[in-house]
Amino acid sequence: MNYLTDKKLTIVGAAGMIGSNMAQTALMMRLTPNICLYDPFAPALEGVAEEMFHCSFEGANITFTSNMEEALTGAEYIVSSGGAARKAGMTREDLLKGNAQIAEQLGKDIRKYCPNVKHVVIIFNPADITGLITLLYSGLKPSQVTTLAALDSTRLQSELAKHFHVAQSEVKNTRTYGGHGEQMAVFASTATVAGTPLTDLIGTDKLTNEDWDALKQRVIQGGKHIIDLRGRSSFQSPAYVSIEMIAAAMGGPAFRWPAGVYVNTKEFNHIMMASEVNITTEGAHYKVVEGTPAEHAELVKSYQHLCTLRDEVIAMGVLPAIDKWKELNPNID
């Protein structure tokens, strides 16, 4: 059976619901037969491995380990959900301190055990910050590390499809940028609904301004809504979309959504944020986000919120001052 590549893909946090779904999704999408499952919680990890074995994926070479050196050695692709999960009543920012330290160690381990890795996708929250920390400590190029930021855009698509009673595929180019959280910038100018620009619908009887504001709030609170409904944070959607990201890096289909990427421009600098990104075997490349003046102002606010989180991590001592970043990672501008 044909696979996209035969290179080693390591799933970090594989004993969790996101990680185990990522493993199954990668095998169902036939990305690579060589998948290594890593998690410090050995009994649950073995249980996930047993489940994968019982699927009997043809040609698959599934290994599992609680030893990070074994997991990362020889890995050319990594997807990590290996942070603490978000629980009821918590914001993504509540997770900041503990997950920042996990990201620091992951970056150091990547530098030590697989410095030649081709691409790393970070999805544990707050992903904008944990991805930035991983990038800095790994020594990798900015183009080699991306973060999951698509779910807000897919949630916008879903909410619009429900509102207009159309198939989700008829809602195109929905986009949110900046932070992956309550401070995201929701863009309307990019989207169409059944071929009609969304901006032509907002403020009409089809989508009043009040309805649009309420819809945006549902998008912003989409993760919380899943927790309220299921009693736990999302796992199927982040697993699927993150594997779509690594598939693009492996040479598979183009990634359809925004992704978190390191940005260092005159206006937005020294930050990881959701942007238009082209992910290929050559890495992830930032594309300038365009929108209305009002949308741009929201993006600036979102960027400033991310800067606040970044500066908190610096104050914690997890990251050095920005002017010292190049000493930590020579590939950082």
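Here are some friendly notes on backbone, helix and ring features to look for in this predicted model.

1. **A cis peptide bond.** Start at the bond from N125 to P126. Most peptide bonds are trans. The bond joining N125 to P126, however, is cis, and its omega is near -15 degrees. You can find P126 in the loop that runs between β5 (119–122) and α5 (127–138).

2. **S56, a serine with positive phi.** Most residues other than glycine have a negative phi. S56 is not a glycine, yet its phi is positive, at about 55 degrees. Look for S56 in the loop between α2 (42–55) and β3 (61–65). Is S56 buried or exposed? Its relative accessible area is 57%, and the cut-off for exposed is over 50%, so S56 is exposed.

3. **H270, in another loop.** H270 also has a positive phi, near 55 degrees, although it is a residue other than glycine. Its place is the loop between β12 (259–263) and β13 (271–280).

4. **Helix α11.** This helix covers residues 293–316, which makes 24 residues. From first C-alpha to last, α11 reaches 35 Å, close to the 34 Å expected at 1.5 Å a residue. Just after the helix comes G317, with a positive phi of about 90 degrees.

5. **The buried residues of α11.** Which residues of α11 are buried? They are E295, L299, S302, Y303, L306, C307, L309, R310 and V313. As you read that list, remember that an α-helix has 3.6 residues a turn, so residues three or four places apart point the same way. The cover over the buried residues of α11 includes the helices α4 (96–113), α5 and α12 (325–328), together with the strands β8 (175–177), β9 (185–187) and β13.

6. **Aromatic rings.** The model has three aromatic pairs. One of them is Y177 with F187: the ring centres are 4.8 Å apart and the planes stand at 90 degrees, so this pair is edge-to-face. Y177 belongs to strand β8 and F187 to strand β9, so the pair ties together parts 10 residues apart in sequence. Y177 is buried, at 3% relative accessible area, and F187 counts as buried too, at 1%.

7. **A charge over a ring.** Finally, turn to Y3. R30 lies over the face of the Y3 ring, 4.1 Å from the ring centre.

Definitions and conventions: Residues numbered from 1 in each chain as written. Predicted model: local features only at pLDDT ≥ 70, side-chain atom pairs only at ≥ 80, totals over all residues. Heavy atoms only, no water. Helix = DSSP H or I, 4+ residues; strand = E, 2+ residues; numbered from the N terminus. Buried < 20%, exposed > 50% of the residue type's maximum accessible area, 1.4 Å probe, protein only. Expected span 1.5 Å × (residues − 1). Contact = heavy atoms within 4.5 Å. Phe/Tyr/Trp six-rings, centres within 6.5 Å; stacked < 30°, edge-to-face > 60°. Lys NZ or Arg CZ within 6 Å of the ring centre and 35° of its normal.
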